[in-house]
Amino acid sequence: MLKAKTSTGLVFFPAYDWAISATHPEREERLLYTQDQIFEEGLFDIEGIREFKAEVIDIKDVQRVHFCVPEPEKVMTESHYISAGGAKTIAKAKMDGLVKTGFALVRPPGHHAMRVVHGGRGFCNINNEAIMIEYLRHAYGIDRVAIIDTDCHHGDGTQDIYWHDPDTLFISMHQDGRTLFPGTGFSNETGGPTAAGTTLNIPLPPYTSEEGFLTVINKVVLPVLQEFKPDLIINSAGQDNHFTDPLTSMNFSAQGYADLTALLKPDIAVLEGGYSIESALPYVNVGIILAMAGVDYSHVVEPEYSASQLRQGKSITATIEKTCNEVLAIWKDRENIRVRMQENVLYDERRRSVFYDTDGFFESQHETLHVCMECAGTYKIDSRADTGLRVLTVHIPRKACSNCIQEGHRWFEQADMTNYDMIMLQDRPEDQYLTKKK
Amino acid sequence: MIIGLDVGGTHTDVVLLGEKGIERRVKVPTEKSSLFDAVFEGLEQITRDIPSDKISHAVLSTTLTTNAIVQGKLPPAGMMVTCGPGMDPEYFRTGEHYYVVDGAIDHSGREIKKLDEKAVKKAAAAMKDAGIEYAGIAGKFSVRNPAHEIRIREILSPMFEKIFTGHRVSGNFSFPRRIATTYLNASVYRVHKEFFGAVQKTLDKKGIGVPIYILKADGGTMDFETSIDFPAQSILSGPAASVMGSIAFAPAEAETVVLDIGGTTTDMAVLINGVPVLAPQGIEIEEYKTLIRALHTQSVGVGGDSTVRVDQGHLFIGPERSGPAMAYGGPQPTPTDALFVLGMAENGDKEKARTGVQAIADQLGLSAEDTAERIFDQACREILDYAQELVSLINSRPVYTVREALEGHRIKPTHLLVLGGPAPQFAQRLKTISDYSVSRVPQWDVANAIGTALSRTTCELTLFADTYKLEVSAPEEMFHQALKPGFSLEEARKMAEELLVKKAIREGAHKQPIETDVLEELSFNMIRDFRMIGKNMRVKMQVRPGLIQEYLQIAEKIKNGEN
C-alpha cells in the first residue's frame, strides 16, 4: 500500500475563470496541465495525502497585513480572496493537526505585494504568505516564522512587510536583480535597524542549476534556520527557476525542486510564480508534493531534461560560493549591525519609489520608524501614488511596547488630515484596523 | 412487463412490474454455494405462467463480481503498462503478471518516448507462457492519446482470449485507477461471462428468453452485450439498487437524504431534485481504487440489530451486530428490542426484549422505558449525525473556479426518505427530533428490486478538443476527428452529446429523449509566446441516473397502492 511518510495537505485552486488579461502569463490555463498531471498520477489517492477546499479570506485577514488604498475591495480581484484563503486553509489544517505539512497550489501569487498596496506588482496584489502568517500569529499564537522564498524573482513584497520584524526570518534566493524584475534583493539588503539580519538575500547568477541551488540551501539556509529556530518554516515556492521558464534565465529542474523541498522540509509551501506551464509546472509540482509527503520522486524527470546540458559553469559556482559566504557573514554579525544602525538614531527614515508594473504606475514612499530598544518599533509610511491618492499609514507591531503603542496612536490621531486622502492605523496588539477619511 | 432482481446477502428479491404496478413479487433465499440457483429460481418463479412475450426484459443486480473479488476467486489476469515521468509504476502492481514496457505519452497527448514493441512482444510471450488468457493494457495519459494502448492491443490480440484497454474504461484522469479498473475488468470477465451466459441459456431453454440487463454501481443499467466489454461495472451495484428504488418516492424538488436502515448498518445517499449524487471518482473495493462510476453512498454501523452496550456510564450502539434482536432470539439487546419495550413493535418475544433492555437500564440507573427511549433516540441521532457528515463531505469537495468558490451551491437537504425494516418507527422519531420532513418508501422490502427494474441505461463521455492541433477526440468511444478552424465550445458540447446518446443507445438505452447533463465544461485560451494559438476544451457529459420515463406511471401505481 502506497503511503505518505509525512501526512500532507493540498489546496489546489487553479482559478480556471480568472486571468490578469487574455494573453498574460498569469492566466486561466496556467495550472491546467499541472492538474492533469497531478490527477493522472493519482496523488490524492496516496494514503496520507489529502485535498482541502480553499476557503474565502476575510477582509480582516487582509487588513492585518496590508494598507490597501483606497480599500481592499478596490485592489483585490475575486480570485485573490480564494488564493489567500487557500493558504489560510492549509495553514489551519496544519495547525489543527490534520496534516503535518501542506502545500497551497493557488493562483494568483502574492510575494511582490508590499505593506502598502495601491495596485498590482509582479502579478501580485496581496501577499498570500504574510496574510496566512499573521492569521496564524493571531489565531494560534505562533511567534517565530521563517519564510524561504525560492521564486526566481526577489520576494520584495514579503521583504517589505517583514523588513522591521525580528521574529520573521525572510530569506530570498533569486536571479540577480541586475538581470530581472523587480531589480532588488542584493545581499546588502538585510532589514531595518530593529530587525537587521532577519532579512537575507542571496542573488544568483543567470544559468544557476541544481548544484547552485542546493549549495545555497545546504550552506546558508539550513544553518541559519537551525540557529533561528522558527516555529514554522514557510516556503514561497515559485517555480520559475526552471530551465524552460519563459520569463527567467535559470537552469533548475523538477528533481532539483524536489531535492530542495526534501532538504528544506517546509511546514507550509505556497505557490508563487512559474510560467512554463507545460514543460515545467506539471513535473515540478508533482516533485514538490511527493518530496513533502516523503514518497519516492526519482521518476519525476521532465522529458526535456538533460543533466549535462544544464550543468552550471565554474564561474557561476564561484560566484555563488562567494555570495553564500557574504550572507553567512552578515547573519553572524547581525547583532553588531543592529547596534551600528541603532546608534544615535531615534527615527530611521527611508524614501523610495515603488513601481507597480502590472498596473503601470509609481508610488513614492517616505517611511519613518521609531528605532525602539524595547520592541520592533512602530512606523508610518507617507505614501503618494500616481493614481493621485496620498495616504498616511501607521503600523503598530504585534509585540509593541507601551511607548510605541502610544506613539502609533498619536501619529494616527494627530496627523494633518488636510494633507491626506486617508489615514490608516494597523494596531496589531489590539488586532484592529482604523481608517480616517477626508 | 419488466423483471427486477436484486441479490442480497440473505435474500434475493424479484419483482415483476407492469401496468398495475407490482404484478408479482418473489423472495428466495440466497444460497451462498449457488448464486446461480438463487438467480435462476427467482427468475423462474417470477415468470411462472406468464408468456415471455409479455416481458420486455429483466434487469439483474448481483453480488457475483463483488464476491469474486472479495473472496479472491479470480483467474489470473495480465497487465501491461506504459508509464513516463512521475510516480514509480511499481507502486501500482496488480499481481505477478504485471509488465511495465517503455513508451510514454505526456499530459498533452504528445508521444515523449516511443513504444518498445520488442518489450511488448517479450512480455506478451511471458504472460502467454504463464497461462494468462485475459489481459489489460493501461498507459499513463492514454485518455489524451491512446496510440500506445491501441498498438499493444494489436500485438496482443492474437494471443489472448479477451483484452481490455484503459482508455475505454473511463475518460477520467488517474493512471493508478485506470490500471486497477482495467485489471478488474480482465479479472472478472470470465466469471461474469460464464454466469450470465448460463443464465441466458437456461432462460432460453425454458422458453423465457428475455433480454438481460445488468445494474451498475452508478444506478444505471447496461445490456448484457455491453457488460461483456465492461464487466467490472457490475461491481458493488447493491447499494445503488435501493437508492434507485427510492427515487420515485422522493420529492421532485428538494434535496433529500435516503436512509436505508438495515439490521447491521444504515446506508445513505443524497438526492438533488430526485437525482442521486455520484461519488467523485469511483468505487473502492478491497485494495482497488477504480474509475468505475458509483453513487456517493456511505454506510454507518447503526441498524436495528446493532449491539447496545454500556461502557463507563456511556451508552454505545453498534457498530457490531451480535445477531438478531433478543425479541427474535438474539444474544444481546438492540434498538429493535427498545422498540418492543416502547410498544412500537410486535410479533416477537416482548419479555426477552425487556430483559435485554433492563440489563442496560441497570447499568445506567434508569427504568427500562427510559432506557428504551434513550437507545431509540441515540440511534436516530447518530444516523442524523452521519447524514450531516455525508452532506458536509459533499459540500467540501474542492472547486477550481472563482465562480464556484464564491457562489457554488452548497446542498442543504430538507427531506429524509427512509426505507428498511424498522423504517416506520424510525421515520416517526427522526421527524420529531429533527427539522427534516420525513417520508417512507412504500414497499420498502422490495425497493431494491424495483430500483433495479426501473433504472435507465447510463454512461459517461469525455471529449477533448484542441483547436491548435485541430483535433477532437473521445477516447472511451475511440472517436478521433480532424477539426475545422473556429470550432466552438457549443459545437464541442453538441458533439459530446451526440456521441453520448449514441453510446447510451448502443449500451441498451430505451428509445426516449435521453436526459443528459454536462458534468464539466472548460475552454482555455492556449497562449504560447504571448500569443493565442488556439483553445483547449474539455466537455464531460453523462446520461443522468434516474428511472426510465415511461415507467414512471408504474412507480406512481406502487406509490398509490400502499395508501
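Okay, let's start with helix 8 of chain A, residues 254-264, which is mostly covered: eight of its eleven residues are buried. Keep in mind that we're looking at a predicted model here. Which residues of helix 8 of chain A are the buried ones? They are Ala254(A), Gln255(A), Gly256(A), Tyr257(A), Ala258(A), Leu260(A), Thr261(A) and Leu264(A). And what covers them? Among the covering elements are strand 6 (145-149), helix 7 (210-228), strand 9 (232-237) and helix 9 of chain A.

Now let's zoom out to the whole of chain A. The chain splits into domain 1, covering 3-335, and domain 2, covering 344-437. Their C-alpha centres are 27 Å apart. If you look at where the two domains of chain A touch, 24 residues of domain 1 are in contact with 31 residues of domain 2. On the domain 1 side, that's eleven nonpolar, nine polar and four charged residues.

Next up, the contact between the chains. Chain A puts in 40 residues and chain B puts in 37. On the chain A side, the elements giving two or more residues are strand 1 (3-13), helix 1 (32-41), helix 4 (78-95) and helix 9 (281-293). Which element gives the largest share of chain A's side? That's helix 1 of chain A, with seven residues. By class, chain A's side has 21 nonpolar, five polar and 14 charged residues.

Last stop, chain B. Have a look at the open sheet there: four strands, in the order 6-5-9-10, with parallel pairing. The edges are strand 6 (98-101) and strand 10 (162-165) of chain B, each pairing on one side only. From one strand to the next, the twist averages 20 degrees. Inside that sheet, strand 5 (residues 77-82) and strand 9 (residues 134-139) of chain B run parallel and are joined by six bridges. To pick out one pair, Thr82(B) has Gly139(B) in strand 9 of chain B as its bridge partner.

Two helices go with these strands. Helix 3 of chain B, residues 117-129, lies across strand 5, strand 6 and strand 9, running at about 170 degrees to strand 6 of chain B. Helix 4 of chain B, residues 147-156, packs on the sheet too, touching strand 5, strand 9 and strand 10, and its direction makes about 160 degrees with that of strand 9 of chain B.

Notes. Residues are numbered from 1 along each chain as its sequence is written. Chains are lettered from A and ligands numbered from 1 in the order in which they are written. This is a predicted model: local features need pLDDT of at least 70, side-chain atom pairs count only at pLDDT 80 or more; totals for chains, interfaces and linings use all residues. Domain bounds come from an automatic or database domain assignment. Two residues are in contact if their C-beta atoms, placed from the backbone, lie within 7 Å. Ala, Val, Leu, Ile, Met, Phe, Trp, Tyr, Cys and Pro count as nonpolar, Asp, Glu, Lys and Arg as charged, and the others, Gly among them, as polar. Two strands pair if DSSP finds at least two bridges between them. Axes are lines fitted to C-alpha atoms, for helices over the stretch in contact, and angles run from 0 to 180 degrees between N-to-C directions. A residue is buried if 20 or more other C-beta atoms lie within 10 Å of its own, exposed if 12 or fewer, and partly exposed in between; C-beta atoms are placed from the backbone.
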